[in-house]
Amino acid sequence: MGGAASQLPKEMVSEYQMIFFFLSGFFLRAHKRFSELQDRDSLSSRVPMEKILTMPELKSNPFRRRICHVFSTSEPNDGSLTFEDFLDLLSAFSDSATLEIKSHYAFRIFDFDDDGTLDAGDLEKLVNCLTGDTDETRLNPEEMRQLIKNILEESDIDKDGTVNLSEFQHVISRSPDFVSSFKIVL
Amino acid sequence: MPRHKLVASESDVSIEVDADFTEDRVREVKNERNPKAKERDTKRKLEIHKTTEQKTENKKRKRSHSKQRGKRNIDDEDKGGEQISKQKKNRKNKKTKKLLTEEAEGEGYITKQKKKRRPQVDEENANATKQMTPEGPPKKKKRAKVQVESSSESEDSSSEKESSEEEEWKVTALTPEELEKLKEAVDEKKKLITILRGKPWPMLKKLQTLKESHDFLEKFEGALGKGKAKKLYAYKVMMLKRWMKFQRDFENFKTACIPWEMKIKDIESHFGSSVASYFIFLRWMYGINMILFGLTFGLVMVPEALMGKPYGSMPRKTVPRAEQASAMDFAVLWDFGGYAKYSVLFYGYYNSQRAIGWLKFRMPLSYFLVGVGTVAYSYMVVIRTMARNANEQGGGDDTNFNFSWKMFTSWDYLIGNPETADNKFASITTSFKEAIVEEQESRKDDNIHLTRFFRVLANFLVLCCLAGSGYLIYFVVRRSQKFALEGLENYGWWERNEVNMVMSLLGMFCPMLFDVISNLENYHPRIALQWQLGRIFALFLGNLYTFIIALMDEINLKRKEEETVKLNMTVWMANLHNGTLAENSTAPPITADPADVPRGPCWETMVGQEFVRLIISDTMTTYITLLIGDFLRAVMVRFFNYCWCWDLEYGFPSYSEFDVSGNVLGLIFNQGMIWMGAFYAPCLPALNVLRLHVSMYLQCWAVMCCNVPQERVFKASGSNNFYMAMLLVILFLSTLPAIYTIVSIPPSFDCGPFSGKNRMFDVIQETLEMDFPAWFGKVFSYASNPGLVLPFLLLMVLAIYYLQSTSKTYKKANAELKKKLQAQNEENKKKNKRAALKASDPEEARNSASEQQWHQINNNASKKEMDTWGCERGQNQHVTTCTRQSAAVKRQCGPADLHNPSTRPPPAQRNPATHGYLPGNPHQPSLRMQRTSSLKLQ
């Protein structure tokens, strides 16, 4: 777009800087990217999920829909993002976000039914996301059952059949490469 | 410029807040300005009693810089927080068991928000009551409680408003203790602002909290200053703000200064984090070499070049007469002979003069200390990095979440390339499958004998390879010595560069051989990779050590030569003196041109030269293989693909992959050679900096233009410490020969900074004697007395032993705690079951009635179910608003719920009758109905 419409007010930038770890130039860049996605005709400041998903950074991510849903603040949660949501997303996936923030959002991304725990259904969906859409890469039910059993054996510390946030964070915090791979660079 | 901006914006906030007379007025203004706002306001009214703050704000705060509303939101949130606290209390009363501190921490966003918000809220409440009773904490609490109660009665925002207005004007009269309290609150706010970035809240919430805090600070900091010393206080505050701003800018500047950041990010987004980790490692190496280079360049090379005797003033600084004709030839210079050999680049050029120049720079001492310092600094950096990595990995916890990590952390979110993503999918699937198969196989092991046989065979073959390559290198080095004795001029290019070429070629082809051999072994890929790395490591190490042993032979040869030269020297001197004596007895002792003076072979320079040549040829091989193996191959594949009988891109040659582990190993060994040779050739770090710099650009380019993403994506970061450990081993092994030569071989008699001394480290003793007062030497000699050193060593060993045994105890305690936790949980579950059974009895009738209805409820009742849960926890009066809540509520109440696993009924018990009956809400047929239906759906 460019022009006056895509200019970010300067006070906003300095306010954002108090909240996020980004450089001031970053906000302008992010805003530029965001306004490219914005529909020119409609006045709403939200960008629908389908538009967001076309971004090359998210295009090949199997969790892209979940990511949009988690960061969206829209009323019926349709995954559309405002610029603030978009910044939220970027900051959670930035280099400077702490392990706590990252694991928190990762948990919510993996929690497919939004019920606050990762149960067997969530884990199954998660595995299906990770193994791709094609049939030959899918695991068969027997393998799936075994895998989920193993995972629960490992990380379900209190043995209630689900993985909750604190268990999840416990597991994640010991992982050597979570922080380095839970990143999206604009 | 930005600083002004910030200050301006902050003052904006304050002005607007001060100018906000009444809430209604502001709202009216707003409504006139924006018709949409009206709708939002009505919505807001309805939602005042939502149990979750998050949602409330999100809706209200469409535009984040609608500053006037800040206060209003405080009130709302205040209530929300209290409701939550109340519901939490309810729950706690019900289930008094608290499981874990960790759980409490994990209790999630709600508590955290609340905690943060609480003091401030209390403070404001206190302010409101302050005038009547300036008492303190107990009063405050009372007031807070009143609000909690009133908040359950629907509308009390008016009283809230009053209180906020009150505090506007009553700020003027404050007693000292109130002032103190206010100060505390102000500090609290400041702290909140600083830690705000580290919170997993949505942005709107953060913005709002930030603004509130700013408003608060603006208002009350001013108030604090109104009494005594206000100017000073205001000044202090302003300076603090400036300082914070400066710090932030500086931080930004620092991150902007990291070199090659964008390049690496670019690669990261194309190839995933493993390839990028190589470049990060390269950058780290570059940093270390920069510092080593600074040390040697600043403290050794430059002083000698500037203040030492100039070229041609003495034999060691002059090219000998025999070599002068060819000293400037490129071929000679390329071999670091001729003028390059007699320059600051090598050990032999340095003079043994104790102090040089007008600075009285202690050159030999500096040379020695820089050599030691280089090694010490490297040790320090490597070990510190290792420790940091170990810390990040969770402090060496022995628990291994193999499957969970595969599941939760295997996706690399940086991947933005569909092709890489496909590879990643495939590799994750295979890793899952392999893990499952492995798990099954670990239980039953069939045909172990055959695999065992193959593994032994493979190792035997690899050992043969290693021994062969070692012998080859030894043979070549000996042969090259023969060539050197007969004079290199008679031989061609190959004979002169045989050693380096053979070493490079071995380094290139042996790993491929190992790769083929390792197919025999049938290991898990990760283990196979480690074996492969270990073997290449052994190969390189073997080659390097063979090379060193051959060098040692050569050193011994040179030293024998030196003896004869020494003898010749005396003869020559005598001749010279005899010759001059006849003419003039008072002439200076030596009049011969320094180029004509016979001189020793100077083995130190020879060693330095060998290492420099090795580095150069290694670099060349790397670059050439890069150009041929990657670039030419890619060009061929791309352009011949149009006219070829099979698909080149996916068929046989295809594009090459980026070999992370091989490259990292190459880098590590290169560094090892630098450490080994740096003492005898001070130019080595400089050369290495150059090499790394070029590598960075060349490899970045090569990766981006002619490599394809790896098929098996290994995460290098997982093996980060593995690489570091290798680096440490290499560092140790490369310092060993250097230390051996320094300690046990006497330096050459006529070259280098230590000439004329018996051993190189004598320079320390000399300095102690000459430059320090006598008592210092005495103290030093006492301190190095074995009677003192031995107890010290003993003490260190004891400390290590103690620390190790404590860490063992900690581990045991950890395991114990885990067991205890599980046991407690079991107990909780049982208790819960019993309680649920008991509670279900009086509910039976109602449930049976509602059971007929829940079939009619639509399918996505699970959503609503969550809402009702949220409501039951809170105040049950707000039924109507509760049903309007959606996903955000779920997010909020979900984790809060799950952290008390005891609150959830065990899965087997999931039927309407036994689900947690809450004593506080006797009559809610419709709600219960929805909930039960959803439970069935689960």
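This is a predicted model: local features need pLDDT of at least 70, side-chain atom pairs count only at pLDDT 80 or more; totals for chains, interfaces and linings use all residues.
Residues are numbered from 1 along each chain as its sequence is written, chains are lettered from A and ligands numbered from 1 in the order in which they are written, and side-chain values use heavy atoms, with hydrogens and water left out.

**Chain A**

Of its 186 residues, 63% count as buried. Buried here means under 20% relative accessible area, exposed means over 50%, and partly exposed is in between (1.4 Å probe, protein chains only). The accessible surface of chain A comes to about 6900 Å², with 54% of that belonging to carbon and sulfur atoms; areas come from the Shrake-Rupley method with a 1.4 Å probe, and for residues only the protein chains shown count as cover. Take the contacts (heavy atoms within 4.5 Å) in chain A between residues at least 6 apart in sequence: 53% of them join residues at least 24 apart.

One backbone spot to look at is Asp114(A), which has a positive phi near 55° despite being a residue other than glycine. Asp114(A) sits in the loop between helix 7 (99–110) and helix 8 (120–130) of chain A, and at 18% relative accessibility it counts as buried. Chain B has a case of this kind too: Phe336(B), with phi near 60°, in the loop between helix 15 and helix 16 (338–341) and buried at 13% relative accessible area.

**Salt bridges**

There are 13 salt bridges over all chains, each being a side-chain nitrogen of Lys or Arg within 4 Å of a carboxyl oxygen of Asp or Glu. Three of them go in the table.

| Pair | Closest N to O |
|---|---|
| Arg362(B) and Asp771(B) | 2.7 Å |
| Asp618(B) and Arg691(B) | 3.3 Å |

In the chain A pair, Arg65(A) is in helix 5 (residues 64–71) and Glu50(A) in helix 3 (residues 49–53), 15 residues apart. Arg65(A) is partly exposed at 41%, and Glu50(A) is partly exposed at 48%.

Arg362(B) lies in the loop between helix 16 and helix 17 (363–392) and Asp771(B) in helix 28 of chain B, so this pair ties together parts that are 409 residues apart in sequence. Arg362(B) is partly exposed at 26%, as is Asp771(B) at 31%. Asp618(B) belongs to helix 24 and Arg691(B) to helix 26 of chain B, so that bridge connects parts 73 residues apart. Arg691(B) counts as buried, at 8% relative accessibility. Bridges with shared partners also join Arg354(B), Arg362(B) and Asp771(B) into one network.

**Cysteines**

A search of the whole structure turns up 1 disulfide, a disulfide being a pair of cysteine sulfur atoms within 2.5 Å. That link joins Cys602(B) to Cys751(B), S to S 1.9 Å, and with 95° about the S-S bond it is right-handed. Cys602(B) is in the loop between helix 23 (525–583) and helix 24, and Cys751(B) in the loop between helix 27 (720–744) and helix 28 (762–771), so the pair ties together parts 149 residues apart in sequence. Both ends are tucked away: Cys602(B) is buried at 8% and Cys751(B) is buried at 5%.

**Surface and packing in chain B**

A nonpolar patch with about 1200 Å² of accessible area together includes Phe330(B), Trp334(B), Ile624(B) and Trp701(B). Patches take residues with over 30% relative accessible area and no salt bridge, joining like charges within 9 Å and nonpolar side chains (Val, Leu, Ile, Met, Phe, Trp, Tyr) within 5 Å. Helix 24 (603–640) and helix 15 (330–334) each give two or more residues, and the largest share, 8 residues, comes from helix 24.

Helix 13 (residues 261–271) has buried residues including Ile264(B), Ile267(B) and Phe271(B). Its buried residues pack against helix 14 (273–307), helix 26 (684–706) and strand 2 (707–708). Just after helix 13, Gly272(B) takes a positive phi of about 85°.

Technical notes:
Helices (H or I, at least four residues) and strands (E, at least two) are DSSP runs, numbered from the N terminus.
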